[in-house]
Amino acid sequence: GVFVEIGADARQFFTALNKVQKEIGKVGQAMTSIGSRMTGIGAALGAPFVAASVAGTRFDDVLRNVQASTGATASDLDAVRKAAMTMSQAMGVGPTEAAAGFLELLKAGMSLEDVLGGAGKAATAFAKVGGMAVADAAVVMADAMNVFKVSGDTAANTLSAAADASSTSIQGIALAFSQVSAVAGLANQSIQDTAAALAVLANAGVKGSDAGTSLKTMLMRLMAPADDAAVALQQIGLSTQSFRNADGTMKPLVDIIGTLTTAMQGMDQAAKDDIFRRIFGQDAIRAAAVLTTAGVDGFQAMRDSMAGAATVGDKFATMTGGLSGAAASLYASLERLAIVVSDALAPALLQLSQTITPAINGITQFAQANPQLMQSVAATIGEPEEPSSVATRGTRAGCDGCSRFQRSTARASSRSALSPAI
């Protein structure tokens with residue numbers, strides 16, 4: 001090992017450089033040997049080998065985040081690791097991306113059994129179909145599963161169906177859903193009715209977060225109306241109890257729509273607008289007006305259209321069956337290979353880092369303590385080479401650089417008429 005304590009003695013500085021140079025030389029010899037062997041295997045292995053440490057580090061970072069965020073045990077991390085690698089091969093996604101999806105589901109409070117038992121796979125497919133990152137798709141799915149107590153497949157299929165049946169995208173539905181889901185759950189609404197209402201709003205031009213906020217406020221104003229809203233409800237023969245079941249829970253949206261529509265029959269548009277403004281306010285008036293205009297029949301037609309939509313699993317199979325799917329699978333396979341190679345290199349790289357780092361720190365301390373000597377060294381070395389030419393020589397250049405730096409330091413030391421003990 002290399003451990004060097006550098007004081008003000010330049011001889012110790014040179015000794016440190018020699019030891020660091022020898023260690024770097026060993027790395028260069030090892031990498032040269034590996035490169036020769038890799039040539040025999042084929043150039044196809046070159047790319048994942050070069051990227052191995054980077055890919056492996058990213059994957060390891062996600063696993064460590066899982067442990068830090070959830071308190072996962074070593075056996076839990078091993079299960080997450082294996083599941084991410086298996087899902088990567090089965091679904092053509094990178095293992096790091098798959099593990100990131102697992103992380104978000106686990107952070108949302110889902111059990112490891114549920115995540116690895118199907119929720120993780122559903123999030124991955126949902127992300128592909130919706131054009132989202134797996135981690136983002138996992139957040140939306142986790143919210144839906146927690147609020148509405150449904151499976152991952154049900155959450156993904158419902159939101160996807162709402163997008164297919166309307167003029168918005170899965171991302172648009174997901175954005176709207178993130179605004180309204182918590183209140184919809186408190187208001188006793190199902191995920192299907194909530195998604196259908198967002199789809200109806202999308203067809204009327206109310207999309208994304210605006211749709212979610214408007215529907216959320218509408219439900220809140222019916223759950224606990226302000227004084228002015230209560231008076232307006234009384235004027236059309238309604239009260240808060242008109243929207244609740246016998247057990248006090250809120251009625252389904254289709255019944256709420258029907259109650260409002262019936263109560264306002266025979267009123268002209270100006271009168272309706274005034275009542276809606278007083279009941280729902282500026283934010284929710286859009287949702288109330290659009291949903292009552294669609295009526296019970298329009299709402300039920302949307303539910304029927306959603307029921308006939310293709311599942312996320314079917315859409316995923318179709319989307320990954322072409323050239324882009326093959327390319328994604330190839331990239332995922334290269335990432336898996338890179339991670340495996342990184343795992344094999346990790347112990348040696350860690351040991352190397354622990355060996356060289358103390359010596360480099362010692363050299364740094366010496367340089368900081370002797371700025372005039374370092375200035376002389378810099379003047380002696382000459383103009384720096386182009387980064388591209390340095391990079392192409394690899395590790396050997398690093399070894400040559402140590403020797404060159406040492407010679408320059410010696411010359412600078414001589415010019416400065418420094419004694420061996422500085």
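## Basis

This is a predicted model, in which local features need pLDDT of at least 70 and side-chain atom pairs count only at pLDDT 80 or more, while totals for chains, interfaces and linings use all residues. Residues are numbered from 1 along each chain as its sequence is written, and side-chain values use heavy atoms, with hydrogens and water left out.

## Whole chain

The chain contains 19 helices and zero strands, taken as DSSP runs (H or I, at least four residues, for helices; E, at least two, for strands) and numbered from the N terminus. Of its 422 residues, 42% are buried, meaning under 20% relative accessible area with a 1.4 Å probe, protein chains only.

Among contacts (heavy atoms within 4.5 Å) between residues at least 6 apart in sequence, 72% join residues at least 24 apart.

## Nonpolar core

The largest nonpolar core has 96 residues, a core being a set of buried Ala, Val, Leu, Ile, Met, Phe, Trp, Tyr and Cys residues joined through side-chain atoms within 4.5 Å. Helix 14 (residues 269–307) gives the most to this core, with 12 residues.

F126, L198, L215, M218 and F280 have the most contacts inside the core. Beyond its neighbours within four places in sequence, L198 touches I173, A176, F177, V180, A211, G212 and L215.

## Helices 4 and 16

R81, M85, S88 and Q89 of helix 4 meet A332, R336, I339, V340 and D343 of helix 16. The axes of helix 4 (residues 74–91) and helix 16 (residues 323–369) come within 9 Å and cross at roughly 150°, which makes helix 4 roughly antiparallel to helix 16 (angles over 145 degrees, on a scale from 0 to 180 between N-to-C directions of lines fitted to C-alpha atoms over the stretch in contact).

How values were computed. Buried means under 20% relative accessible area, exposed over 50%, partly exposed in between (1.4 Å probe, protein chains only). Angles under 35 degrees count as roughly parallel, over 145 as roughly antiparallel, 65 to 115 as roughly perpendicular and the rest as oblique.
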